[in-house]
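Visitor: I would like to learn how to read a structure like this one. Please take me through it feature by feature.

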Amino acid sequence: MKSFLEKIFIAKGDITSFDVEAIVNAANTSLLGGGGVDGAIHKAAGPELLKECISLKGCESGKAKITKAYRLMAKYIIHTPGPIYKNGKSGESSLLESCYKNCMTLAKEYNISSIAFPAISTGVYSFPKEDACKIALKTVFAFVDKEKYFPTIYFVLYDDENFLIYKNEFEKVKNELQTISE
Ligand code: AR6
């Protein structure tokens with residue numbers, strides 16, 4: 001089995017309480033805060049975060065920008081606006097893939113040793129959860145494998161449905177990779 005899988009965890013909870021070097025924020029393109037996980041992160045990090053976010057002047061969907069994490073345990077926050085799901089034919093999947101890829105690229109650039117991802121776009125932005133999970137795992141695993149960059153990675157799910165979807169999908173991917181390497 002690929003050894004990087006030993007440093008990847010599916011967890012349930014509030015991402016703001018995770019003791020990792022970086023947490024990812026499912027932001028919007030203004031980067032000025034909002035509801036869901038974005039609201040929780042801004043509330044926990046404190047008003048200094050908004051100040052720094054204002055200076056970034058927004059971020060395109062699928063791209064990512066990094067800030068300090070202020071009152072959080074984490075050192076950095078990587079902000080990425082996911083796609084708003086319309087009909088599945090408007091480039092949503094490739095935009096979601098870009099979110100994960102660009103977050104990982106920044107994490108590697110900053111030499112981040114542990115990172116936590118929420119299920120980007122699966123709340124207010126309505127991306128179907130199973131499809132979003134497959135994209136998240138596939139993109140992140142492909143990145144670590146290709147780039148030979150092996151941080152500890154948490155996929156942090158807030159709702160039961162997403163948690164079960166991720167648990168199942170992770171087991172499937174592990175089995176597939178095991179079969180390939182046998
Ligand atoms: N920790 C971890 N996951 C969470 C938390 C939390 N504290 N709170 C919610 N989630 P959403 P989106 C999960 O709506 O779909 C914001 O207003 C939630 O269960 O936060 O990308 C932004 O400003 C869901 O599975 O983000 C944007 O306008 C996942 O996080 C917009 O929402 C993502 O849900 C972005 O929508």
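Visitor: Where is the place of Glu147?

Guide: First, some ground rules. This is a predicted model: local features need pLDDT of at least 70, side-chain atom pairs count only at pLDDT 80 or more, and totals for chains, interfaces and linings use all residues. Residues are numbered from 1 along each chain as its sequence is written, and side-chain values use heavy atoms, with hydrogens and water left out. Helices (H or I, at least four residues) and strands (E, at least two) are DSSP runs, numbered from the N terminus. Glu147 belongs to helix α4.

Visitor: Is Glu147 buried, exposed or partly exposed?

Guide: Buried means under 20% relative accessible area, exposed over 50%, and partly exposed in between (1.4 Å probe, protein chains only). Glu147 is partly exposed, because its relative accessible area is 29%.

Visitor: How do I read phi?

Guide: Most residues other than glycine have a negative phi, and most peptide bonds are trans. Ser121 has a positive phi of about 70 degrees, and it is not a glycine. Lys57 also has a positive value, near 55 degrees.

Visitor: Where are Lys57 and Ser121 found?

Guide: Lys57 is in the loop between α2 (47-56) and β3 (65-68). Ser121 is in the loop between β5 (114-117) and α4 (129-147).

Visitor: What does the side chain of Thr16 contact?

Guide: A polar contact is a pair of N or O atoms within 3.5 Å; within protein, one must be able to donate a hydrogen and the other to accept it, and residues adjacent in sequence count only if both atoms are side-chain atoms. Here the Thr16 side chain makes a polar contact with the side chain of Asp14, at 2.8 Å. Thr16 sits in the loop between β1 (8-12) and β2. With a relative accessible area of 14%, Thr16 is buried.

Visitor: Now the ligand. How many residues surround the ligand?

Guide: A residue is near a molecule if one of its heavy atoms lies within 4 Å of it. That shell holds 22 residues; the closest are Asn28, Gly35, Val37, Asp38 and Thr122.

Visitor: Which elements give two or more residues to the shell?

Guide: They are β2 (22-27) and α1 (36-45). The largest share, four residues, comes from α1.
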